[in-house]
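Please look over the sequence and the structure before reading on.

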Amino acid sequence: MTGSLLAARGLEYTYSGGIVALRDLDLSVGRGRKLAILGPNGSGKTTLLLHLNGTLRPTRGEILIDGRPARYDRRAINHWRRRVGLVLQEPDDQLFAATVEQDVSFGPLNLGISESATRERVREALEALRISHLAGRATHTLSFGQKKRVAIAGVLAMRPELLVLDEPTAGLDPHGVTHLLGALQQLHEAGTTLVFSTHDVELAYAWADEVALFHDGAVLVQGETTAVLGDGEALRRARLRPPLLLEVAQALPEKDGDGAPGVPPRSREALLTWLRNRFCQSGAGSVNRCDEPAPGHCARRAAD
């Protein structure tokens with residue numbers, strides 16, 4: 001836990017009626033990391049996220065901020081939420097002002113930020129999410145993907161150190177996912193720590209620095225993405241399948257008899273490039289190393 005921006009130690013939470021949502025949970029969020037909380041629907045991921053910004057208070061255990069136990073008085077909670085912003089899965093749960101600009105302005109103004117400083121923060125947040133053109137739009141006229149980005153901009157305008165997102169890509173089409181992840185990557189490169197929940201193994205593999213494998217209210221294992229998602233036994237316990245890209249990489253034969261290749265590719269484009277560099281199908285049907293990785297090269301060789 002030492003050196004973590006945020007951590008959970010022995011966290012437990014029971015809803016009214018005796019429904020246990022979290023069970024002796026340990027989690028560590030390293031500064032500057034992208035952490036995926038990966039698990040099936042209904043496993044308690046959202047309940048955990050609501051603890052990370054102080055919305056819920058644990059039945060047992062504690063949240064640590066910079067290694068110190070979090071406090072729940074009003075002043076401490078306000079400071080906590082300045083540092084840790086939460087974006088819910090359903091954007092309509094966070095949008096309530098008439099226009100986009102008014103909605104994104106609410107958080108900073110509520111913190112006591114001056115109007116001039118708030119305008120600058122709103123401008124920066126809208127630019128970061130690539131939605132400056134929506135500033136004057138009524139929030140109820142936005143598409144689902146636009147609402148997602150406005151909700152994130154509203155939290156971003158408060159300039160949190162850590163941004164927590166509940167299923168950020170849920171409900172988005174492939175173009176919307178690409179657009180949103182691109183904007184979040186820019187935020188990360190600018191210094192924002194990101195934590196996101198998902199049941200999408202492929203997303204976690206492609207995008208996270210670390211994965212916390214979540215099941216039945218507890219973290220089974222946390223660590224570097226490739227190591228965790230290459231742990232077949234842990235994935236089986238969490239009732240998840242390994243990512244396809246990792247399965248493909250692991251299924252490839254040894255490279256020239258020297259053992260398995262190094263770090264597996266983490267994106268579709270990287271896998272295709274990797275395969276072109278590793279193998280080329282000759283006209284005789286045997287597999288040879290290909291020194292010219294351009295697309296279609298193998299087909300040209302076969303034709304020759």
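The model shown here is a predicted one. Its largest pocket has a volume of about 650 Å³, while the second largest pocket has a volume of about 320 Å³.

**The largest pocket**

- The lining of the largest pocket is made up of 22 residues, and those that lie nearest the centre of this pocket are Arg81, Gln94, Phe106, Val155 and Met158.
- Two or more lining residues come from each of helix 2 (74-83), strand 6 (84-87), helix 3 (100-110) and helix 5 (144-156).
- Among the contributors to this lining, helix 3 gives the most, with four residues.
- Sorted by class, the lining of the largest pocket holds 11 nonpolar residues, together with eight polar and three charged ones.

**The second largest pocket**

- The second largest pocket is lined by Leu181, Glu202, Leu203, Ala206, Trp207, Leu245, Arg266, Ser267, Arg268 and Glu269.
- The elements that give two or more residues to this second lining are helix 7 (201-207) and helix 11 (268-278).
- Helix 7 gives the most to the lining of the second largest pocket, with four residues.
- By class, the residues that line the second largest pocket divide into five nonpolar, four charged and one polar.

Technical notes: Residues numbered from 1 in each chain as written. Predicted model: local features only at pLDDT ≥ 70, side-chain atom pairs only at ≥ 80, totals over all residues. Heavy atoms only, no water. 1 Å grid on protein atoms, 1.4 Å probe; cavity = no way out; pocket = protein on both sides within 12 Å on 5 of 7 lines; lining within 4 Å. Points joined across faces, edges and corners; volume = space filled by probe spheres on them. Nonpolar A, V, L, I, M, F, W, Y, C, P; charged D, E, K, R; others polar.
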